[in-house]
Amino acid sequence: MGGLREVAASFVVPGPSGVAIRDRLRHLTAADEKVLGLVGDHLGALASRDLKARCAAGPDHDADAWAERKRALTGESSSRWAGSITKATHDQWALARRGQLAHIQSLQAGVATIAHRLSLPVGEKGGKRAPGGYRSRQEWFAKSRRLHVLADRLNAARADWQAGAVHVVRGGKQLLNTRHHLDTAGLTEHQWRRRWQAGRRFLQADGESGKRFGNETIRVTSDGEVSLKLPAPLAHLANAPHGRYVLTARVRFAHRGGQWRDRVTAHRAVAYRIHEDTVRGRWYLTASWTIPPVQTVPLATARANGLIGVDTNADHLAAWRLDEHGNPVGTPRRFGYNLTGTADHRDAQVRHALIRLLRWAKRHGLAIAIENLDFTAEKTREKHGRRKRFRKLISGMPTSRLRARLVSMAAELGIPLVAVDPAYTSRWGTQHWQKPLNSKNRTTTRHAAAAVAIGRRALGHPIRRRTTPPPHDQSDRAGHRIVQARPGIPGREGNRPRIPGPRTRSVRAGRGANAVDQNAQHRSGRSAEHESSKQDSLPLSP
């Protein structure tokens, strides 16, 4: 047992901290699109200049420097536009800084792994905790060269981190590199240029409680009228008083529209973002606001009536319902999704699978137990070597997208989520539950067995089942129970029902004085519980 890592405690996942909804700006005129493009391009140029100034300041940036940047932008836009731009710049720099640290940690792990494997003799086998040596001299030589490459990258990344230098591309690095491979991407230069301009525009404004409809810069009234405050150089384009431009389009949020309308009617803060989808030729408006933290139910309450254990896989969710004692109830369920095609198609597939899972949980009034997965450090080829199929498998698992969607959708339906440590759930589920749950009409998959293991861990039960005693070494022959109830449950050690049929040569079935009184049987320990068939305190490793 010394080789097993400590399993973290299960916990109830807190609800989301914000809400975002989107609607299309329909029936925009050519003048509307022109104004949106001009405003977005002008503010985008200011945002690029501000980002350059923020990156040049590095980690020595302070509140005074932030105020100076905002004053420099106010004269060319407005105080509120300048506040939105500087805040977005600060968030983007902080995100790049966190990504830089994650990159350094990934390089450190790769260098350490390669150095360890190079120090071992060629062909030496590894164990469960550490990889072995490389298979051949050729592979050893190639990896020694890669070690130098990663070491150089690590030194450069550390130097940037110490200097506070980050590398950020407004519009996206991927789209920037696409410019050099237009034929491969199937784009013309004009199409790429439109995407590049749309990606670098800035049309977003933070809300402010107490102001009309919760936002003075981009204002959306309760009946869907959209207007925006024009920057000072473009004030001549206004078609409404006070330098405002009113769009002909009206928005009507189908999802959470009632909540949004209540907020704007009460003049509570709502942030808006306008962007163009150049592929479809459409403009969209996204509204977002923060919500108070949802009061999570206690873990004991979530476990009260049992729950649904869910195993996340690359192409489906395997789920099984468990009662409060950890016993599988009914049949396993499979909610499939296809993660090929566009990002919108993949997102729709995940949402469809989660909707079916949540409806099932809502119908039975149960919580959902899911693994707290994070593969950020588990995808490198230094860790998994030649196992390309496995690396591709874990890279294709939508852990981040699924986690964000599930938390939001479950909070909307009032379904508690219990996160468990993913350590050994698949291995122990297969070892202890896959074979016993097979039947003549059902073959249990290892994913369904893992769902049972996840559910039992969320309920606080050990994953390992009680060892079955030899069927013909007990006085009740093959009828001995494998009880899953925890100690103290009424009826756990109760008398067994009388089984018809001959049991011994001297006493007929059910006729003996102590036929069902287990305490009268001469056995060691508690009645009907031999020491070899008790539940172990910890799960066993395979």
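Biologist: In this predicted model, what angle and what distance describe the packing of helix α1 against helix α3?

Modeller: Helix α1, residues 30-57, packs against helix α3, residues 79-119, at an angle of about 50 degrees, and their axes lie 9 Å apart.

Biologist: Why is α1 called oblique to α3?

Modeller: Angles under 35 degrees count as roughly parallel and those from 65 to 115 as roughly perpendicular; the angle of α1 to α3 is about 50 degrees, and therefore α1 is classed as oblique to α3. The crossing of α1 and α3 is right-handed.

Biologist: Which residues of α1 and α3 meet, and how are they divided by class?

Modeller: From α1 the contact includes Leu43, Leu46, Ala47 and Asp50, while among the residues of α3 that meet α1 are Trp81, Ile85, Thr86 and His90. By class, the contact of α1 with α3 has eight nonpolar, four polar and two charged residues.

Biologist: Turning to histidine 316, what makes this residue count as buried?

Modeller: Buried means under 20% relative accessible area, and histidine 316 has a relative accessible area of 6%, so histidine 316 is buried. Histidine 316 belongs to strand β10, which covers residues 316-322, and, with residues up to four places away in sequence left aside, histidine 316 touches Asp311, Arg334, Phe335, Gly336, Tyr337 and His447.

Biologist: How do you know that the side chains of histidine 316 and aspartate 315 form a polar contact?

Modeller: The cut-off for such a pair of N or O atoms is within 3.5 Å, and the side chains of histidine 316 and aspartate 315 are joined at 2.8 Å.

Biologist: Phenylalanine 213 and histidine 242 both lie in loops; what is the phi of each?

Modeller: Phenylalanine 213, in the loop between β3 (204-205) and β4 (218-220), has a positive phi of about 60 degrees although it is not a glycine. Histidine 242, in the loop between β5 (225-229) and β6 (244-250), is likewise not a glycine and has a positive phi of about 65 degrees.

Biologist: Why is phenylalanine 213 called buried and histidine 242 exposed?

Modeller: The relative accessibility of phenylalanine 213 is 15%, and because buried means under 20%, phenylalanine 213 counts as buried. Histidine 242 stands at 69% relative accessibility, and because exposed means over 50%, histidine 242 counts as exposed.

Biologist: What percentage of the residues of the protein chain count as buried?

Modeller: Of the 542 residues of the protein chain, 40% count as buried, and the chain holds 15 helices and 13 strands.

Key:
Residues numbered from 1 in each chain as written. Predicted model: local features only at pLDDT ≥ 70, side-chain atom pairs only at ≥ 80, totals over all residues. Heavy atoms only, no water. Helix = DSSP H or I, 4+ residues; strand = E, 2+ residues; numbered from the N terminus. Buried < 20%, exposed > 50% of the residue type's maximum accessible area, 1.4 Å probe, protein only. Polar contact = N/O pair within 3.5 Å; in protein donor to acceptor, adjacent residues only side chain to side chain. Contact = heavy atoms within 4.5 Å. Axes fitted to C-alpha atoms, helices over the stretch in contact; angles between N-to-C directions. Parallel < 35°, antiparallel > 145°, perpendicular 65-115°, else oblique. Left-handed = near helix turned anticlockwise from the far one by under 90°. Nonpolar A, V, L, I, M, F, W, Y, C, P; charged D, E, K, R; others polar.
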